Structures are given as C-alpha cells and as structure tokens.
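Subject: Handover of a structure and its findings

Dear colleague,

Please find below the structure that I am handing over to you.

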Amino acid sequence: MAEAPGPRLRPESARGPRVRLTCDGVPVEAHPGETVAMALWAADRRTLRRSTRLGAPRGVFCNMGICFECLVRIDGHATRACLAEVRDGMRVETIGPAPEAGA
Amino acid sequence: MTRTHAADVAVIGAGPAGLAAALAARQAGAVVTILDEGARPGGQIFRQLPAAFGTIGQPAADAPSHALGHALLHDVEASGVPVLARVTVFEARPGALAYERDGEVGVVRAKAIVLATGAYDRSVPFPGWTLPGVVTAGAAQVMVRGQMLRPGTRAVVAGTGPLLLPTLTALQAAGVRVVAALEAAPRTALLRGVGALLRSRAKRREAWHYARAFLRSGLRLRHGWTVFAAHGADRVAAVTIGRVDRTGRPRRDHEQRLEADLVCVGFGLEPSNELARRLRCTMLRGPDGSWVPQVDARMATSVAGVFAAGEVVGIGGVDTARAEGHLAGLAAAAHAGWTVAPERFAQAEAERVRERAVSRTLLAAFPVLPGLYELAAPDTLVCRCEDVRLREVREAAALFGPELRTLKMATRAGMGPCQGRICASILEGVLASRLGVDPHRHACPAAQVPVKPVAARCLLEALRELG
C-alpha cells in the first residue's frame with residue numbers, strides 16, 4: 001500500500017463528514033465510525049489517562065475493552081475510549097492528575 | 001426502565017463461535033439473541049469496518065478464514081437473529097443475564113446461555129510496558145483492520161505464537177516500518193507449529209496465506225528474541241531488544257537499542273473467562289495454564305443450561321471456534337426443548353473433536369515461556385490499574401506468603417478496573433519465576449458482580465431486576 005500522508009489509511013474524503021469533539025477542551029476532528037481512542041490516536045494524542053497512584057501517562061493498550069487503560073469521561077460518564085464511537089459535539093475529559101502540556 | 005428480553009438461547013459474543021452457535025440454535029427452531037461488546041458483530045477475527053467508512057479499499061488482503069466470516073455474518077443477518085451490539089454483560093446467572101449499554105441496563109432471560117466470549121492477548125511485563133505507544137498485538141490489528149489507521153512509523157513487534165504473523169502483515173499493509181519482528185520461542189517451536197497446521201486443510205490454507213504475505217514482506221522473524229524494555233518520557237521513543245534462552249529467560253549478551261514509536265506485544269492468548277467464573281462453572285487448567293470452563297462432549301459446562309464454545313474453553317483458532325459454536329448451539333437449543341436429530345449431534349461432535357485436536361497440537365508448540373517473567377525489573381509494574389511494582393509483590397509474598405488472595409489484599413494487585421484480566425496470569429508468572437511458587441497451588445480466582453465495571457446505579461438496578 002502506498003505511503004499516504006497522515007495516519008488515516010483511507011482518504012479523509014471517503015470517511016464521511018467530519019465531526020468535532022473536544023478532549024480536555026482541545027478541539028479534535030474525527031470521522032463517523034472512528035472510536036474515540038482512535039480519533040485521539042490519529043490526532044497524535046497518546047496519553048488518555050494518568051495512573052491512580054503514580055500519575056504516570058497511560059493510553060490505549062488492548063483496544064478491545066479488556067484492560068480499561070483508556071478509561072475517559074465522555075459527556076460526564078466514565079467510558080472506555082476504545083469502544084465508544086465519536087459523535088459531533090462530544091466532550092472527552094481525561095481522568096487522573098491533569099496531563100502536563102504536550103502529553 | 002430496564003429493558004427486558006426473553007429468548008430460548010442467549011449467546012454472549014459475536015465472533016465465529018457465537019455466530020455459529022446462534023445459527024445452529026436458530027436452525028433447530030430456538031428463539032435466539034446475541035449480545036456483543038463490539039459496535040458490529042464479527043468479534044476480533046471477522047472485524048467489520050464501520051459502515052460510515054463505506055466499502056472502497058479494504059485494508060490488508062483478506063485471509064481465507066474471512067470468507068467463512070462473511071458467510072457466517074451473512075447467514076446470521078438473513079436468519080433474523082437480533083444482535084445486541086455495544087452491550088457489556090456484567091452479571092450472569094443460570095437463566096438470566098444483565099448488560100449495560102450507554103448507561104442503561106438490560107436483562108435477558110433465556111433457558112440456555114452460550115458463552116462465546118473469546119480471548120485476548122496475554123501480557124508479560126517488562127520495563128516501560130505501560131508507556132503509551134506500547135500496545136497489544138490485537139490492539140494493532142484493530143487499528144489497521146478495524147479503523148484503517150497507520151498506528152506508527154517504526155514498530156517493534158514481539159511475543160510468541162502464530163498470531164504474530166497477521167499482526168506483522170497488517171502493519172506492513174498499513175505502511176508501518178517494522179524494525180524488528182521478535183518471536184521469543186526457538187525455531188523448533190515454529191517447526192512443531194507447522195507440523196500441527198499441516199494436519200488441517202483449513203489451517204494449511206490460512207498458514208500459507210500469512211506465510212506468503214510474510215515472505216513477500218521481506219521481514220525476518222528473529223527466533224529466541226524479545227523486547228527487554230521500552231523507553232520514553234510520556235510515550236515510547238526507543239526499545240531495547242535482546243535474546244532469550246529456550247525457557248524465555250533473558251540473556252544479557254546481545255542487547256540492542258532501536259528507535260521505535262510503536263511496540264506491539266502478544267505472548268499468546270488468554271480466554272475471556274470471567275462470566276464462566278461468575279456462573280461458578282467448574283474451571284480447569286488448559287494446556288497453557290489458563291482457566292477454562294470444563295465442558296462435556298456437547299459443550300455443556302458443569303452448570304445446567306450454560307454452554308461454552310471457542311477460545312473461552314481453550315485457545316484454538318477460528319475453525320475450532322466455529323465447530324464448537326455450532327455444537328454448543330445445537331445443545332443449547334436441545335436444552336431449551338427443541339428437537340435435534342441424533343445424527344446432527346454425532347456429526348457436530350466428530351467435527352469438534354477433530355478441530356480441537358489440531359488446536360491442541362498448535363497450542364502445545366507455543367507454550368508460555370516461564371523465563372519471560374524475568375524481564376520485569378523490581379520497579380516494573382505488574383498490575384497496571386493499581387500501579388503495583390514487582391518489588392511490592394515480592395515484599396508482600398515474603399511477609400504474608402504467596403497466596404494470590406492475600407497478595408491482592410496486601411498490595412491491591414488485581415483490584416483495579418481490569419479485575420485481574422491482565423495481571424492475574426502475570427502474578428502467577430512472576431511468583432513462579434522469582435519465588436519458585438508452583439502455579440498449580442493457586443485456585444481459580446472467583447469473579448464478583450459486576451464482572452466488568454459499571455456505574456453503581458446500573459448494578460443496583462440489575463440486582464433488583466434479577467432478584
């Protein structure tokens with residue numbers, strides 16, 4: 001497969017209209033059918049959570065609902081980001097001590 | 001208001017085993033409902049792209065088993081069996097189960113339950129394995145095959161077993177540069193695995209498909225190598241790789257450091273057995289040490305009305321899952337009062353025995369290498385949810401003894417939201433390799449309700465409904 005620009009393998013035009021969500025207030029563009037975890041991954045955001053005791057960065061690990069490492073708050077509810085699909089206007093908040101800038 | 005459904009047969013899991021079970025039960029006349037945590041049926045192996053992505057340009061070339069997947073998905077759709085997607089089943093009792101979906105609770109009452117809950121990657125801890133950018137082999141496959149993403153630019157893939165090949169070919173197809181492909185087992189394991197595959201025509205085709213893709217890729221699989229450590233501040237930037245001996249024990253004589261922004265790890269699979277444990281099915285150790293529900297010749301567990309099929313009764317691959325699902329579906333329908341002709345049972349039982357024999361040989365070729373649990377350093381986390389370090393487990397074991405329940409109370413290892421799914425096998429592994437604790441002294445961990453975390457409000461509502 002030819003090298004495509006950006007992390008999305010299918011041209012963005014073939015993915016359906018863009019939706020906009022926010023993660024900790026930062027706008028993120030995504031496409032219908034993408035999971036929250038993968039939309040954030042494509043936006044180059046790897047840290048989705050800070051661990052409970054050490055405050056260490058954590059992100060997608062199993063990507064199939066087993067490990068709960070990608071637990072975020074979506075519109076107020078604790079949800080696994082790998083199982084939730086994006087919706088326009090979705091508000092995603094990370095859990096744990098606030099991530100440092102650039103994480 | 002709780003949603004309630006009634007069915008003769010409730011099937012949990014919409015992978016090959018669950019789909020085949022639902023079809024067989026439906027064809028026997030039963031009213032069937034399928035429940036699945038994914039957005040679309042198919043499970044991990046027959047993963048379907050989101051409908052919103054359209055149909056142009058499939059990611060990697062389809063493996064032969066995917067034809068089976070398309071057929072099963074088509075037949076289930078044509079059969080009219082409802083698939084409750086995006087539901088998390090968090091409580092099960094003989095005759096009833098409760099699920100959560102978007103904060104709402106549903107209850108399914110069914111005369112028979114088929115557990116077709118599948119499996120997930122077995123993890124082995126190493127320094128840096130909790131860094132973002134270190135993911136399971138299955139996670140990488142979801143990114144490429146399920147979401148059409150290129151998950152990184154330079155990847156290291158490490159682990160053991162036949163599933164490394166589809167992971168490698170998926171990453172290659174996505175344009176990821178695989179800088180190291182590391183199989184911890186020695187080359188003889190591969191040869192034994194090939195021997196097992198040659199005994200099954202379907203597996204032969206599947207193996208040939210991946211072998212050809214792998215050979216064409218120009219990648220070299222390094223046998224007897226694995227990942228020693230992942231490095232980076234808040235995401236992986238480099239890895240150390242090295243050689244391991246035949247038991248998986250790291251040898252510190254050939255370490256190499258490579259730049260990488262993606263690390264994919266998978267040390268075989270472990271069964272998703274929490275519902276079987278919650279239902280108090282009699283559990284046995286499988287050949288790989290995993291806890292699996294004991295099943296009879298027709299896939300019935302020790303609990304009346306509860307059947308199990310596919311990876312949850314022992315890692316075996318797609319053909320075994322389908323054969324067992326079919327048999328479990330027939331048996332569940334019969335339990336619900338539908339007539340199944342003895343010759344249908346005989347045929348399904350024979351096929352199941354044949355497929356399971358091939359899987360057992362393949363599983364035996366890639367055992368869990370006990371020495372790999374020496375990769376963890378004293379500061380390495382063995383429980384990700386509760387941030388418990390190896391050193392703390394050792395100290396607690398020295399004080400209180402090596403019982404898993406005691407260690408859980410003393411260190412909180414296994415008390416987080418994964419509920420031991422990731423760390424239970426790790427704790428057994430490090431206790432065995434570091435302290436010489438025989439894994440067979442541990443009993444099967446009990447599963448409490450909810451078997452996956454849900455809001456307290458949902459739990460209370462379900463318990464009220466189920467009584």
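Between domain 2 of chain B and domain 3 of chain B, about 1,300 Å² is buried, and carbon and sulfur atoms carry 67% of it. Please keep in mind that this is a predicted model. The two domains belong to a division of chain B into domain 1 (3-120 + 270-364), domain 2 (123-267) and domain 3 (372-436). To the contact, domain 2 of chain B brings 18 residues and domain 3 of chain B brings twelve residues. The C-alpha centres of domain 2 of chain B and domain 3 of chain B are 25 Å apart.

How many salt bridges are counted between domain 2 of chain B and domain 3 of chain B? The count is one salt bridge. A salt bridge is also found between the side chains of Arg249(B) and Glu374(B), with an N to O distance of 3.3 Å. For polar contacts between domain 2 of chain B and domain 3 of chain B, the count is four residue pairs, both residues being at pLDDT 80 or more. On the side of domain 2 of chain B that touches domain 3 of chain B, the elements giving two or more residues are strand 12 (225-231) and strand 14 (250-259) of chain B. Strand 12 of chain B gives the most to that side, namely three residues.

I turn next to the interface of the two chains. Here 45 residues of chain A are in contact with 55 residues of chain B. The area buried between chain A and chain B is about 4,200 Å², with 54% of it given by carbon and sulfur atoms. Which residues of chain A lose the most area to chain B? They are Arg10(A), Phe61(A) and Ile66(A), which together account for 19% of what the side of chain A buries.

Six salt bridges are counted between chain A and chain B. Arg80(A) forms a salt bridge with Glu37(B), and the closest N and O atoms of this pair are 2.8 Å apart. Across the interface of chain A and chain B, 24 residue pairs are found in polar contact, both residues being at pLDDT 80 or more. Helix 1 (36-42) and strand 4 (57-58) of chain A are the elements that give two or more residues to the side of chain A that touches chain B. The largest share of that side, three residues, comes from helix 1 of chain A. By class, the side of chain A that touches chain B consists of 21 nonpolar, eleven polar and 13 charged residues.

Within chain A, the strand pairing also deserves a description. Strand 5 (residues 71-74) and strand 6 (residues 77-80) of chain A run antiparallel and are joined by four bridges. Ile74(A) has His77(A), in strand 6 of chain A, as its bridge partner. The hairpin of strand 5 of chain A and strand 6 of chain A has two residues between the strands, and Asp75(A) takes a positive phi near 45 degrees there. Strand 5 of chain A is also joined by two bridges to strand 7 (residues 91-93) of chain A, and these strands run antiparallel. In strand 7 of chain A, Glu93(A) is the residue opposite Arg73(A).

Finally, two points concern the backbone in loops. Asp24(A) is not a glycine, yet has a positive phi of about 50 degrees. Asp24(A) is placed in the loop between strand 1 (19-23) and strand 2 (26-30) of chain A. In chain B, the peptide bond from Val449(B) to Pro450(B) is cis, with omega near -5 degrees. Pro450(B) lies in the loop between helix 12 (424-435) and helix 13 (456-466) of chain B.

With kind regards

Technical notes:
Residues are numbered from 1 along each chain as its sequence is written. Chains are lettered from A and ligands numbered from 1 in the order in which they are written. This is a predicted model: local features need pLDDT of at least 70, side-chain atom pairs count only at pLDDT 80 or more; totals for chains, interfaces and linings use all residues. Side-chain values use heavy atoms; hydrogens and water are left out. Contact means heavy atoms within 4.5 Å. Buried area is the accessible area (1.4 Å probe) that two parts lose on being put together, summed over both. A salt bridge is a side-chain nitrogen of Lys or Arg within 4 Å of a carboxyl oxygen of Asp or Glu. A polar contact is a pair of N or O atoms within 3.5 Å; within protein, one must be able to donate a hydrogen and the other to accept it, and residues adjacent in sequence count only if both atoms are side-chain atoms. Ala, Val, Leu, Ile, Met, Phe, Trp, Tyr, Cys and Pro count as nonpolar, Asp, Glu, Lys and Arg as charged, and the others, Gly among them, as polar. Domain bounds come from an automatic or database domain assignment. Two strands pair if DSSP finds at least two bridges between them.
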